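These are my notebook entries on one protein model. I record what I looked up, in the order in which I looked.

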Amino acid sequence: MAGNGRYLDEKIMSKEQNKSFRTQQDETLGIEKKGSVDSYIVSRLFAYIKPFKTLVAASVAITIAGSFLGPLRPYLTKIAIDDHIARGDLRGLAFISILLAGAILLDGIKQYITTWLTQIIGQKAVFNLRMDIFTHLQKLPARFYDRNPIGRLITRTTSDVESLNEMLSSGIITILGDILQLFFIVVLMVWIDWQLTLIVLTVLPLMLYATILFKNRVRVAFQDVRTHLARLNTFFQEHITGMSIVQLFNREEREYENYAAINRDHRDANIRTVFYFSIYYPLIEVLSAAAAGLVIWYSGVRLLKADLTIGVVISFVQYIWLFFRPLQHLSDRFNVIQTAIAGSDRIFRLLDEKEGIENPAEVQPVSTFREKISFSNVWFAYDGDNWILKDISFDIRHGEKVAIVGATGSGKTSIINILSKLYPFSKGSITIDDIPIRKIEASSLRKLVGVVMQDVFLFSGTIRENLAFGNPDVSDEALREAARVVGADRFIEQLPGGYQYRVLENGTGLSSGQKQLIAFVRALLYNPEILVLDEATSSVDTETETLIDAATAKLMSERTSIIIAHRLSTVQKADRIIVLHKGMIRETGNHQELLAKRGLYYKLYLLQHPEQTTRKEV
Ligand SMILES: Nc1ncnc2c1ncn2[C@@H]1O[C@H](COP(=O)(O)OP(=O)(O)OP(=O)(O)O)[C@@H](O)[C@H]1O
């Protein structure tokens with residue numbers, strides 16, 4: 001228990017910590033004035049509610065118009081008792097009862113309409129927000145994905161967005177209703193008996209103090225819950241994806257422990273929120289009961305003096321419960337709002353992440369490739385000045401087939417990454433027909449330069465959908481013809497359902513050779529002028545190897561091609577081979593020329609084909 005208490009103390013933000021937390025938020029958001037973060041976020045959120053202003057206006061109007069209905073009930077009860085029951089006026093009683101039933105009915109209708117409207121507003125606004133997040137994510141550069149684990153991004157689009165939905169649907173408008181209801185309750189209580197009202201209000205300062213304390217602590221606890229949830233999601237996602245590695249390396253127990261630690265933090269953070277709620281709610285109940293006790297005691301004294309009617313006492317007891325319920329709701333709703341504001345802060349930070357690497361005003365579309373691709377003195381680093389490519393210069397002429405070879409980590413894939421503008425390079429220039437790629441619109445560049453990645457990624461869906469990924473409008477005939485040209489038709493037709501065979505997530509259920517063939521068909525249908533192919537290193541059986549060889553040749557034919565080559569047959573077919581070593585070009589030439597040089601290429605070749613040492617031609 002003591003340990004738990006210490007833990008709680010550590011986690012509860014002191015005023016100072018709270019200040020520094022908000023300053024951090026300000027800095028991240030580029031806001032200078034402390035404390036203006038919430039209003040900044042609220043104003044941005046407002047943009048998402050604006051399109052539904054008619055619905056919001058209707059909901060606010062109904063909330064305002066109906067807010068007196070609840071408070072009216074105890075007052076009508078008082079009139080029924082004092083003016084009609086006490087005087088034996090049955091007709092008057094019937095009339096008041098009808099009024100009371102009407103008030104209850106209207107209140108129910110009001111609640112139904114406002115709940116419906118606010119839920120619609122919440123869902124519609126959150127739909128748009130999710131779309132904005134997804135659109136933005138599609139524009140973010142590869143560097144962003146290097147830094148942000150998938151689990152964290154999933155948390156943004158699920159729980160953070162959900163917290164916003166909760167605020168929009170049950171937060172702001174309901175708070176307005178609660179405040180108005182409190183106002184009417186106090187007015188009616190004063191109207192009936194101001195002395196009893198004062199007694200009810202005596203517990204208010206204590207209640208407000210408890211609420212503020214509770215609100216601050218729960219806010220911090222909820223932030224903890226979200227942080228741990230993001231970690232939990234990240235861990236889970238990674239381990240599901242890499243489960244076979246976990247199993248192959250017998251890491252089950254170790255990963256169990258790691259998961260248990262993250263899971264424990266998440267559980268403890270949740271328990272802390274529950275802990276505060278479990279103190280707060282009974283406390284409010286006790287205070288409400290104390291107020292009721294005081295009212296009953298004081299009314300008793302006055303009843304004895306015949307200074308008060310029984311109707312007043314009964315209505316006040318009802319008012320006490322009516323009065324404290326919205327107060328309790330208010331603190332709940334402030335929590336919802338605070339959680340949502342913390343969530344929105346993270347969402348807006350994500351939306352503020354700088355998009356791709358180009359400035360639309362500075363780029364132009366390019367649709368053809370006529371002459372040459374040129375790299376001159378290109379330097380590139382993924383971070384800082386940890387140079388991965390150093391002073392790279394080469395030209396590739398139209399129609400040429402160039403192979404890039406080099407040891408693992410020598411920078412081959414990085415060349416593709418900068419050519420297709422996935423990453424910006426630091427120094428030098430890359431041009432296509434003398435136009436710097438910085439000035440070429442990324443989308444048109446990527447239409448011109450089609451990349452087949454080493455690891456083929458397939459989406460869950462049919463084979464057809466995966467083949468037509470870059471060309472969704474392709475006809476069935478063209479699709480089948482492309483599959484035939486690549487030689488993928490035979491295995492596809494043998495799958496249950498053929499082209500309609502449903503690929504599981506990331507192509508599970510297909511062999512790596514089959515996935516490569518699918519990627520080739522995809523590339524053929526995309527039909528880029530410049531083909532960039534990062535050859536897969538995974539070995540396949542001889543039959544598939546022959547198929548892939550033929551398919552590669554088909555893909556490259558009549559097309560400018562840059563191939564990161566791992567297979568001898570590809571290298572031999574290339575017009576020119578660029579040999580990379582530690583980010584620098586060491587040799588260029590064709591297969592025979594490079595072998596004759598007996599330099600780095602020769603060594604690499606021998607490493608891959610040791611049997612050739614004895615051959616004469618080598
Ligand atoms: N996203 C990244 N962030 C930081 N460093 C990276 C990133 N991708 C690659 N690197 C580093 O850049 C270097 C070159 O990597 P690159 O993928 O270009 O090599 P490669 O020659 O294609 O290797 P392989 O043949 O193994 O695919 C490596 O040292 C690698 O660690």
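The entries below go from the record to the ligand, the sheet and a loop.

**Entry 1: conventions.** I note that residues are numbered from 1 along each chain as its sequence is written. The model is predicted: local features need pLDDT of at least 70, side-chain atom pairs count only at pLDDT 80 or more, and totals for chains, interfaces and linings use all residues.

**Entry 2: the record.** I looked up UniProt, where an unreviewed entry places the feature "domain: ABC transmembrane type-1" at residues 57-339. UniProt positions are in the numbering used here, feature names are shortened, and annotations may be inferred rather than shown by experiment. Over residues 57-339 I read 92% helix and 0% strand, with the end C-alpha atoms 25 Å apart. Helices (H or I, at least four residues) and strands (E, at least two) are DSSP runs, numbered from the N terminus.

**Entry 3: the ligand.** Which residues are around the ligand? I list Asp-146, Tyr-382, Ile-388, Gly-406, Thr-408, Gly-409, Ser-410, Gly-411, Lys-412, Thr-413 and Ser-414. A residue is near a molecule if its C-beta atom, placed from the backbone, lies within 6 Å of it. The shell divides into two nonpolar, seven polar and two charged residues. Here Ala, Val, Leu, Ile, Met, Phe, Trp, Tyr, Cys and Pro count as nonpolar, Asp, Glu, Lys and Arg as charged, and the others, Gly among them, as polar. Helix α15 (residues 412-419) gives the most to this shell, with three residues.

**Entry 4: the sheet.** I then traced an open sheet of six strands with mixed pairing, in the order β6-β9-β10-β3-β11-β12. Its edge strands, β6 (449-452) and β12 (584-589), each pair on one side only. Two strands pair if DSSP finds at least two bridges between them. Neighbouring strands are turned by 20° against each other on average, direction ignored. Axes are lines fitted to C-alpha atoms, for helices over the stretch in contact, and angles run from 0 to 180 degrees between N-to-C directions.

**Entry 5: strand β3.** Strand β3 (residues 401-406) runs parallel to β11 (residues 576-581), and five bridges join them. In β11, Ala-403 has Ile-577 as its bridge partner, and Gly-406 has Leu-580. With β10, β3 pairs in the parallel sense over four bridges; Ile-404 stands opposite Ile-564 there. Is β3 enclosed or open? Six of its six residues are buried, so β3 is largely enclosed by the rest of the structure. Buried means 20 or more other C-beta atoms within 10 Å of a residue's own, exposed means 12 or fewer, and partly exposed lies in between, with C-beta atoms placed from the backbone.

Entry 6: Helix α15 is mostly covered, with seven of its eight residues buried; among them are Lys-412, Ser-414 and Ile-415. After α15 comes Lys-421, whose phi is positive, near 60°. Helix α20 (residues 512-526) lies across β6 and β9, running at about 175° to β6.

**Entry 7: a loop residue.** Asn-471 lies in the loop between α17 (463-467) and α18 (476-486). Why is Asn-471 classed as partly exposed? I call Asn-471 partly exposed because 15 other C-beta atoms lie within 10 Å. Leaving aside neighbours within four places in sequence, Asn-471 is in contact (C-beta atoms, placed from the backbone, within 7 Å) with Leu-525 and Tyr-526.

Methods. Two residues are in contact if their C-beta atoms, placed from the backbone, lie within 7 Å.
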